[in-house]
Amino acid sequence: MEHNAIFDIRTADDFLHHALRIFKFQHTHNPVYKAFCSYLNTDPNAVQTLEQIPFLPIEFFKSKSVLSSTDAAEITFTSSGTTGSETSKHHVTDLNLYEESYLKAFNHFYGDIEDYCVLALLPSYLERTGSSLIYMADDLIKKSKHPKSGFFLYEYEQLYKLLGELQKTDTKILIIGVSFALLEFTEQYQLDLKNAVVMETGGMKGRRKEIVRQELHELLSKGFGVPHIHSEYGMTELLSQAYSKGNGVFDCPSWMKILVRDTEDPLTYLKNGKSGGMNVIDLANINSCSFIATQDLGKINHDGTFEIIGRFDNSDVRGCNLMVL
């Protein structure tokens with residue numbers, strides 16, 4: 001299916017047009033999604049709005065091959081998980097589509113990647129295989145073309161010295177890191193960075209005591225000497241990311257959208273400002289499923305930005321387990 005047009009979306013009408021087109025395509029070509037829609041008695045020809053589109057519970061990526069293509073997977077991204085737990089698998093049949101998605105989104109929010117030295121502090125991701133975040137970070141490092149760009153495992157002293165050197169130049173710095181590692185770094189070193197974007201990707205669970213985002217960002221902001229901590233919102237099951245430039249307020253690229261569902265009735269949607277379960281439309285997910293009901297809780301602000309409040313306590317999203325395929 002032709003996909004380039006999704007990256008040229010400019011208006012709400014454009015988005016709706018492409019979303020409905022992709023919905024009908026996936027209803028036809030994705031057996032798992034088609035079966036889910038049939039349990040909801042969804043007539044694809046009657047779907048005219050985003051709210052009428054069924055959203056596939058994200059758990060299906062753990063037990064099924066969620067594919068809308070017969071092409072062989074070029075790569076399979078997997079989620080992290082505790083020993084013995086079932087992990088999500090996202091079979092990606094077109095890596096060019098993933099690369100175009102994250103490069104265009106980064107360029108939209110932050111400018112040309114070649115303007116940055118990219119430093120990735122992602123130990124928990126480097127220590128396993130199949131991470132979509134590592135794939136993206138590795139590509140951003142290469143495309144930055146900066147000789148000092150690279151990954152760091154636990155080489156905090158080396159990172160500290162490098163940041164000191166870079167501070168003497170006018171180079172823009174992008175530090176993208178998992179939360180616990182960024183926090184550990186700032187507990188050992190204090191900086192006053194002038195030209196840096198510090199971006200946390202989440203990731204405290206199982207490594208350190210959980211703290212609220214505001215406290216985490218205050219500690220990181222003080223430690224790195226930057227006014228705001230940026231964040232990336234993405235997941236194994238998506239090919240697109242939303243970004244926050246501070247205060248946990250996220251913006252989506254034009255081909256991605258958030259809807260908030262009622263936690264008691266997953267087929268009912270809430271008005272802006274109300275908290276509920278987050279549904280994600282990622283039109284770059286053409287070859288898997290673009291309509292996903294996540295386990296995240298959040299709200300959409302009146303200006304269209306969104307915030308993440310937490311996650312469902314129970315492992316299964318209420319009301320979404322309508323069938324076993």
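**View 1. N41, an exposed residue in the loop between α2 and β1**. N41 has a relative accessibility of 71% and therefore counts as exposed (buried is under 20% relative accessible area, exposed over 50%, partly exposed in between, with a 1.4 Å probe and protein chains only). Its loop runs between α2 and β1; helices (H or I, at least four residues) and strands (E, at least two) are DSSP runs, numbered from the N terminus. The phi angle of N41 is near 55°, a positive value in a residue other than glycine. Most residues other than glycine have a negative phi. The model is predicted, so local features need pLDDT of at least 70 and side-chain atom pairs count only at pLDDT 80 or more, whereas totals for chains, interfaces and linings use all residues. Residues are numbered from 1 along each chain as its sequence is written, and side-chain values use heavy atoms, with hydrogens and water left out.

**View 2. K145 in the loop between α6 and β5**. This loop joins α6 (132–144) to β5 (150–152). K145 has a positive phi near 65° and is not a glycine. With 60% relative accessibility, K145 counts as exposed.

**View 3. The buried face of helix α2**. Helix α2 spans residues 31–39, and V32, Y33, F36 and C37 are buried in it. Seen down the helix axis, these buried residues fall within an arc of 130°, so they line one face; the arc is that of the directions from the axis to the C-beta atoms. They pack against α1 (12–29), β1 (56–57), α3 (60–63) and β13 (291–300), where contact means heavy atoms within 4.5 Å.

**View 4. A nonpolar surface patch of L126, L153 and Y154**. Together the three residues have about 220 Å² of accessible area (Shrake-Rupley method with a 1.4 Å probe; for residues, only the protein chains shown count as cover). Patch residues have over 30% relative accessible area and no salt bridge, with like charges joined within 9 Å and nonpolar side chains (Val, Leu, Ile, Met, Phe, Trp, Tyr) within 5 Å; a salt bridge is a side-chain nitrogen of Lys or Arg within 4 Å of a carboxyl oxygen of Asp or Glu. L126 belongs to helix α5 (residues 123–126) and is partly exposed, at 32% relative accessibility.

**View 5. E155 and L121**. The two residues are 34 apart in sequence, and their C-alpha atoms are 9.0 Å apart in space. E155 lies in the loop between β5 and α7 (156–166) and is partly exposed, with a relative accessible area of 34%.
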